[in-house]
Structures are given as C-alpha cells and as structure tokens.
Amino acid sequence: MEILKRHATSVVALAITAVALLVGCGPAGTALQPLRPSSWQVIAGSSSQQEALQALQFFPATITINAGDTVTWTFPAGEPHTVTFLGSGQATPPPATDPSDADPAGGSTYDGSTYTSSGFLLMGKSYSLTFTKPGTYPYYCLIHMPEMEGTVVVQPAGYTYPATQAIYSAQAQAGIAADLNSASSALTLFPYVSGGPHLVAGISPGLATGTPAPSTVLRFLDGPSLSATAVTVAVGTTVTWTNLSNNEPHTVTFPPVGQTPPPTLSPFSPPSGGSSYDGTTLTNSGVLWPGASYSLTFTKAGTYTYYCLFHDDEGHIGTVNVGGTPV
Ligand SMILES: [Cu+2]
C-alpha cells in the first residue's frame, strides 16, 4: 500500500512537471528557460601596437538574446566607435560626416521604434541597452559602416539561447585576433620604394579599393613596418602621401615648428598653407579620403613633426627630416 501511494505521488509530480514545461514553452523544439533576464557582452572594435592596428567590427557581430535581456558593449580601442540602432521607418543611419553622430541618443531600452545611439565611445567606456521586444535589430558604428555593423536578434522571453556567452566570447577573441593579424599583414602591401619620398598616410587590407576592410593601420609609413614613421629627404624634395586604406580618412597636417595642431582645427578643415613648407606656416592637406594623395615640397632644412587630425591621439604622427643624414 505504501509503495502504491508513493507511486501515485510520483505520477502526480511528473504530470505537474509536464504541465509546467508546456505552459512555458514557445514553438515546438524550444525548452523552458528561467525567465530571469540575462546580460550579454559584445566588444566594439579592438586595437594593438599602441593603436596602430585597429580591428573594425563588433565581436561577435550577431548575438541572440531574449526579450528583457541586456547587452553591454565595451569599447577598448583608442579609435572611437558608436552603437547605433535606427528608429522605425528610418532607412539608413546618418552619414559619418554628421556632427551629431558624436552625441548619445535615446534611453537605456530599445524596442525598434526610436533612434538610439551610444555616441562616440572609446578607451574602455561601455554602453548598455535592454531589449524589450522580440525582433531582429541591425546596428551600426556611424564612423565605420559598412564594415562595422552588427545584429541583435531578440527572441521572446523564455526561449532557448542558441549560444552561451562563453561561445560568443571565444568567437570575439578569434575575430579580434584575425582582424589585427590582417591589419599587420597589410603592411606587406606597401607599394612604394622604402625610404621615401612616396609615403602612405594609412594602409589597410585591399589597399584603397574594394569593400572596406574590417581592419586598418593608422600610421604614416615610408616602408612596410610600423616603425617606419620618419622619412629623411634632401632640401627641395617633394614628398607625397597616399591614403592606401579603404576604410579611414586621414589628414597630413604640419603645424609651425614647435607647435601642435590647434585643438579647434577640425579634421574636416579644408586644405590650407599651400604646396610648400618651411616650418613657419600651418599647412594642412584637408581630408584625404581612401585613394587620395597629397604632396608638399620642403624648402628648408629641419625636423618637422606632422599629424593626422583624425588619429593623432592614436599615435598617427610622423616626422620628416629635411636635409639630414638619411636613415
Ligand atoms: Cu589618420
């Protein structure tokens, strides 16, 4: 009798468990998950070699979560990025040249209806959004689209997750390593004679043509090495820089000797200062978009430091030694 009672109890328990599973279930094939919201991590860009090498993707690019979950993006690089979701009916993000790209927009939740953006973030900052409504949401880095785009897939609450954070994190680390390695490999594409006077103002996989690569090199170089940032030329030499990246604008900007570029000088400033430089006058290429070149003739001996106005904070600074001993 006692055995029968115990058996009956366990049958009832089994039935209760089955009902609970059915109530919590979504479509066939999904299992009940705890309804506690989860937090997820995505890495927005990465860098190495004192910011010379930049990885320009979201790692991982696609993440699947459930309604109520929160995604936190971290921005480890010195190159700024945004995490930007469009509003309903908004076909395209604002262009990379829109000054409002720098500013945050929207709140701490996203349901697909309102334009929501982190603004420019870098150097270890983070940004979190809680997703309240199922859907498939593309998002963009306003500075680095189209190569830097991601997707958050939001399932209904309670669905089975297709991957764990550990799997996403492993994908992220592999993707970062691949991108930084491809940036380093781009150095071997340096197409000019080492030692000048034709330099690159930046270089990326694929050089200046084709689909924007997901990595880039932020250095002025006179050879296929990250240390080739100083060129030595004779007085009267014309030096030419070409932006051999397909994904970053740069400038070649010489302040007067002993000065740095004025903080108020926008990277988008038009060219100024003419076609020769003797160390006395601010001389600026203006924006060098992918494939663009700029030439400057050096009329006086000296050691001249110059800057990319977009990336000088990331060490995108070079030196022209005029009239010195070749190195
Ligand atoms: Cu630059």
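**Group meeting: a predicted model with a copper site**

L207 sits in the loop that runs between strand 11 and strand 12 (215–217). Its backbone deserves attention: phi of L207 is near 55°, a positive value in a residue other than glycine. As background, most residues other than glycine have a negative phi, and most peptide bonds are trans.

E51 is not a glycine either, yet it has a positive phi of about 75°. E51 is placed in the loop between strand 1 and strand 2 (53–59). Is E51 buried or exposed? Its relative accessibility is 16%, and the limit for a buried residue is under 20%, so E51 counts as buried.

Staying with the backbone, I turn to two peptide bonds. The bond that joins M145 and P146 is cis, with omega about 10°. P146 has its place in the loop between strand 9 and strand 10. The peptide bond from G196 to P197 is also cis, and here omega is near 5°. P197 lies in the loop that connects helix 2 (165–186) with strand 11 (198–203).

Now to the overall picture. The protein contains 2 helices and 20 strands. Of its 327 residues, 44% are buried. Among contacts with a separation of 6 or more, 69% are between residues 24 or more positions apart.

P37 and D69 are 32 residues apart in sequence, while their C-alpha atoms are 4.8 Å apart in space. When neighbours within four places in sequence are set aside, the contacts of P37 are G68 and D69. P37 counts as exposed, because its relative accessibility is 56% and the threshold is over 50%.

The next topic is the interior. In soluble globular proteins, nonpolar side chains tend to be buried together. The largest nonpolar core here has 25 residues, of which F58, W73, F85, F131 and V152 touch the most other members. Which elements give two or more residues to this core? They are strand 1 (39–48), strand 3 (62–66), strand 4 (70–75), strand 8 (125–131), strand 9 (135–140) and strand 10 (149–155). Apart from this core lies another, of 19 residues, with F220, V231, W241 and V320 among them.

Not counting residues up to four places away in sequence, V152 touches I63, I65, W73, F85, F131, G135, T136, Y137 and Y139. Several of these names return when we consider aromatic rings. One aromatic cluster is formed by F58, W73, F85, Y110, Y127, F131, Y137 and Y139. In the whole structure, a search finds 26 aromatic pairs.

A word on cysteines. How many disulfides does the structure hold? The number is 0. C141 has a relative accessible area of 0% and is therefore buried. C308 is likewise at 0% relative accessibility, so C308 counts as buried.

C308 brings us to the metal. Which residues coordinate the copper ion? The donors are H250 through ND1, C308 through SG, H311 through ND1 and H316 through ND1, at 2.0 to 2.3 Å. The angles among the 4 donor atoms run from 98 to 120°, and the site is tetrahedral. Along the chain, the spacing of the donors is H-x57-C-x2-H-x4-H.

Finally, let us consider one of these ligands, H311. H311 is located in the loop between strand 19 (302–307) and strand 20 (317–322). Why does H311 count as buried? The reason is that its relative accessibility is 2%, and buried means under 20%. Apart from its neighbours within four places in sequence, H311 is in contact with E79, L218, E248, P249, H250 and H316. Two of those contacts, H250 and H316, also coordinate the copper ion.

To close, I return to two points. The copper ion has a tetrahedral site. The largest nonpolar core, in turn, has F58, W73, F85, F131 and V152 as the members that touch the most others. Thank you for your attention.

Terms used
Residues are numbered from 1 along each chain as its sequence is written. This is a predicted model: local features need pLDDT of at least 70, side-chain atom pairs count only at pLDDT 80 or more; totals for chains, interfaces and linings use all residues. Side-chain values use heavy atoms; hydrogens and water are left out. Donors are N, O and S atoms within 2.8 Å of the metal (3.2 Å for Na, K and Ca); water is not among the atoms, so sites may look incomplete. Four donors count as tetrahedral if all angles lie between 85 and 135 degrees; four count as square planar and six as octahedral if opposite donors are over 155 degrees apart and all others between 65 and 115; anything else is irregular. Buried means under 20% relative accessible area, exposed over 50%, partly exposed in between (1.4 Å probe, protein chains only). Helices (H or I, at least four residues) and strands (E, at least two) are DSSP runs, numbered from the N terminus. Contact means heavy atoms within 4.5 Å. A nonpolar core is a set of buried Ala, Val, Leu, Ile, Met, Phe, Trp, Tyr and Cys residues joined through side-chain atoms within 4.5 Å. Rings of Phe, Tyr and Trp (its six-membered ring) pair if their centres lie within 6.5 Å; planes under 30 degrees apart count as stacked, over 60 as edge-to-face and the rest as tilted. A disulfide is a pair of cysteine sulfur atoms within 2.5 Å.
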